[in-house]
Amino acid sequence: LLAAVKNSLEAYIFETQDKMYNEEVIAASLEEDRTKIQEALSTASDWLYEDGEMAERAAFEKKLSALQDLCRAIFMRVEQHNLRPEFVSRLRDSLNTSRYFLKRAANLTQPDEEPLYTEIELSTLEKLQNKTAKWLNETEAKQNATALHVDPVLTLSDVRDKTDTLDREVMYLVNKARYWTPKKKANATKSANSTSTDGKNTTKSNGEEKSSPDDKPIFDDIMSSKDKKDTPKKRSKKTSDSTTSDDGETLQLPGGDTSDTAEEASTSLPKKDEHGEL
């Protein structure tokens, strides 16, 4: 175990020294910050081959943790910059899905049937949709005006939370439609024990219709599109240490836990601290 933690510190020092000259890291930091990090790395390297030869495991862990904390903000900015377009695209997809849903919901029921959704349910989704779109447009404009070496204003966790909230609202209404049984309005003509020509739909004497499978492709297209929709790829704590430079070369950023990585973007993307490292 002592050898493993010693090797981890040594690898982190060498890798981070190289990354300080990478274009993405340079863009996401100030020269004075990189100088401070390089000095700390050099000091840690000297200690490793001198006093570190006789040090205990805790001393190596402390040195490694201190270096990671020093680099955390810079590596976080690099990751945020690289993954933001994917997260924003995911949110825009959800906004488009909610708009499509509202159009379909307005024409779902027949004139003589009780409405599937209440006005409050539909207006709640519409307000959330408009609020989310406004937030995204305004915050994205602010982010575009923010320098790369400054902490982002449009963060991955914020975009992820907005996406999850909108998706939950839509899926609640979609699922309601799937288990919905149409009911005639009180003043509508009721027909008893009638059978449709295809033998699939029946009308009860009390005016309540039992929905058949053919009645409910209702929002299956929405469900299908959401299943196929590209979501931000999952990253483990270790794989979040890499990114890609402009020339297509994989940039392996050193470090352990990442605070605001993508991404566990399944139904709900996991949340992390805004100042993680790659």
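**Helix H1 and its surroundings**

Good morning. Helix H1 crosses H3 with left-handed geometry, a crossing being left-handed if the near helix is turned anticlockwise from the far one by less than a right angle, and right-handed if clockwise. The contact (heavy atoms within 4.5 Å) involves Lys-6, Leu-9, Glu-10, Ile-13, Phe-14, Thr-16 and Gln-17 on the side of H1, and on the side of H3 residues including Ile-37, Leu-41 and Trp-47. The axes of the two helices, H3 being residues 31–49, come within 10 Å and cross at roughly 145°; axes are lines fitted to C-alpha atoms over the stretch in contact, with angles from 0 to 180 degrees between N-to-C directions.

This is a predicted model, in which local features need pLDDT of at least 70 and side-chain atom pairs count only at pLDDT 80 or more, while totals for chains, interfaces and linings use all residues. Residues are numbered from 1 along each chain as its sequence is written, and side-chain values use heavy atoms, leaving out hydrogens and water.

Which residues of H1 are buried? They are Val-5, Leu-9, Tyr-12, Ile-13, Thr-16 and Lys-19, where buried means under 20% relative accessible area, exposed over 50% and partly exposed in between (1.4 Å probe, protein chains only). Seen down the axis of H1, these buried residues fall within an arc of 140°, so they line one face of the helix; the arc is that of the directions from the helix axis to the C-beta atoms. Ala-3 and Asp-18 are exposed, on the face of H1 turned away from the buried side.

Finally, Phe-60 lies in helix H4, residues 57–106. Phe-60 counts as buried because its relative accessibility is 1%.

Note on methods:
Helices (H or I, at least four residues) and strands (E, at least two) are DSSP runs, numbered from the N terminus.
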